[in-house]
Amino acid sequence: MTTIARARLLARVALLCAVAAIAVLLAFAGTRTALVVLAGLAGLALAAAGIWWALARRGLIRVLGSLLALAAPAAVLVLYASTNLLLTATASVALWAVAAGCAQLALRVDRPRHRMPAVRGEPPRRPVLIMNPRSGGGKVEKFGLADKARALGAQVVLLDTTTHQDVAALARQALAEGADLLGVAGGDGTQALVAAVAAEHDIPFLVISAGTRNHFAMDLGLDRNDPAACLDALTDGEELKVDLGTVAGRAFVNTVSFGTYAEIVQSPAYRDAKATTALDALPDLLDTRSGKGLRVEIDGARPETPQALLVSNNPYGAAEPVTAGRRPRLDTGTLGVLGLRVTSAAQAADLALRGQRATGISVTTAHTLVVSAAEPTIPVAVDGEALTLPVPVHCAIRPGALRVRVPRHRPGVPAAAHPLRWRRVRQLAFGHGEEDSREQ
């Protein structure tokens, strides 16, 4: 089955399920269809408002907000059951879920899949790989990475986990001793430090997915489940030229967070009790009267002050406030900028109902970004590492600054999904997919 045929089939299934969801309501709810829809939306909005009060307040209001978040959906279910609409509503919601899932798949299949340009190059003669034995819960030892790398001719530098070591200094020492490739088996923060040295000296950089989350490796299309597969790049590899973000002169490969999240991770208790620490801190951080508001300048423009700001090395494919997903490319030469501002229960309800279209979310791209505040320093989370930086904090992008050597045979980056646009789904279903894809 061709790509366009698959997209068309998925689009037709999506439309069929959507029509079926409406038909179920009309057939079994009849004149009470509006009741089903309005009750469901009201329950979702009230639950979101309750969650907001639970997060942004303390004491009795937090308790009442938590109760509302639980009671609102329960009340909707009781209403459906008392009016003999529970089965009808459940069937309709299930059909809508299938319709939305098939529609997203159709749009994903339809979207052109871009690959970052890759060039073949000679294998490195003196590769040096820095490995953190504790990273990712001990993946270096679990996958035998050090022995496998040495068997391929690489020099391995194992970090001493009992003391702090300057990995950038180790990378520079390796270069002084003749290394022609630097690599890291470790977390994204360590990756960024060594990547900056590789970019500075214009030598290839090797990413080994031995961290906990491996976001950079994922967006390079590497195998996160088998870090040893990344070592294939030493013998059968190719190079990608990717961008490198900078914050206050420091390199980052994934994200820089300002505001609420950055302040939470500064707490010494956060690592051991993330949920409790966040709940204790959120009311103060979400209070617009706290005086800790950020001032942001994006390519010279000043948008509304966000409570939380996520700056990424290239834009993410979806504007989600909790998890942005994946970056389709790392060579667009732009920063991704996602701002979140929720100051009331009404805005929390809007976020729950409209998702990335909510007024509390702003999404844009930038070449430069400046963050300042009333205080002389602000907390910043750089690739997950908690820092405190003096204001103003400058973020920028260095297009094509990093040469990344990757295996020729790798999973690759799946196409990012479109925002769910039913008009486009209808076009695909009725045979306009191929022509319209060329226009987009």
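The model is predicted: local features need pLDDT of at least 70, side-chain atom pairs count only at pLDDT 80 or more, and totals for chains, interfaces and linings use all residues. Residues are numbered from 1 along each chain as its sequence is written, and side-chain values use heavy atoms, with hydrogens and water left out.

**The chain as a whole**

The secondary structure comes to 14 helices and 16 strands; these are DSSP runs numbered from the N terminus, with at least four residues (H or I) for a helix and at least two (E) for a strand. Of the 440 residues, 46% are buried, where buried means under 20% relative accessible area with a 1.4 Å probe, counting protein chains only. Contact means heavy atoms within 4.5 Å. Among contacts with a separation of 6 or more, 73% link residues 24 or more positions apart.

**An open sheet**

Strands of a sheet pair through backbone hydrogen bonds, either parallel or antiparallel. Here six strands form an open sheet in the order E12-E11-E10-E8-E14-E15, with antiparallel pairing; two strands pair if DSSP finds at least two bridges between them. The edge strands, E12 and E15, each pair on one side only. Strand E14 is joined to E15 by six bridges, and Val382 has Glu385 in E15 as its bridge partner.

| Strand | Residues |
|---|---|
| E12 | 361-366 |
| E14 | 377-382 |
| E15 | 385-390 |

**Nonpolar cores**

In soluble globular proteins, nonpolar side chains tend to be buried together. A nonpolar core is a set of buried Ala, Val, Leu, Ile, Met, Phe, Trp, Tyr and Cys residues joined through side-chain atoms within 4.5 Å. The largest such core has 54 residues, and Leu129, Met131, Leu145, Leu182, Leu220 and Leu402 have the most contacts inside it. Its largest share, six residues, comes from helix H8. A second, separate core of 23 residues includes Val256, Ile298, Ile378 and Val380. Leaving aside residues up to four places away in sequence, Leu220 touches several residues, including Met116, Val207, Leu240 and Arg410.

**Helix H8**

Helix H8 covers residues 188-201. Its 14 residues reach 20 Å from the first C-alpha to the last, close to the 20 Å expected at 1.5 Å a residue; the expected span is 1.5 Å times one less than the number of residues. Because 10 of the 14 residues of H8 are buried, the helix is largely enclosed by the rest of the structure. Asp188, Gly189 and Thr190 are among these buried residues. Just after H8, Asp202 takes a positive phi of about 55 degrees.

Note on methods: Buried < 20%, exposed > 50% of the residue type's maximum accessible area, 1.4 Å probe, protein only.
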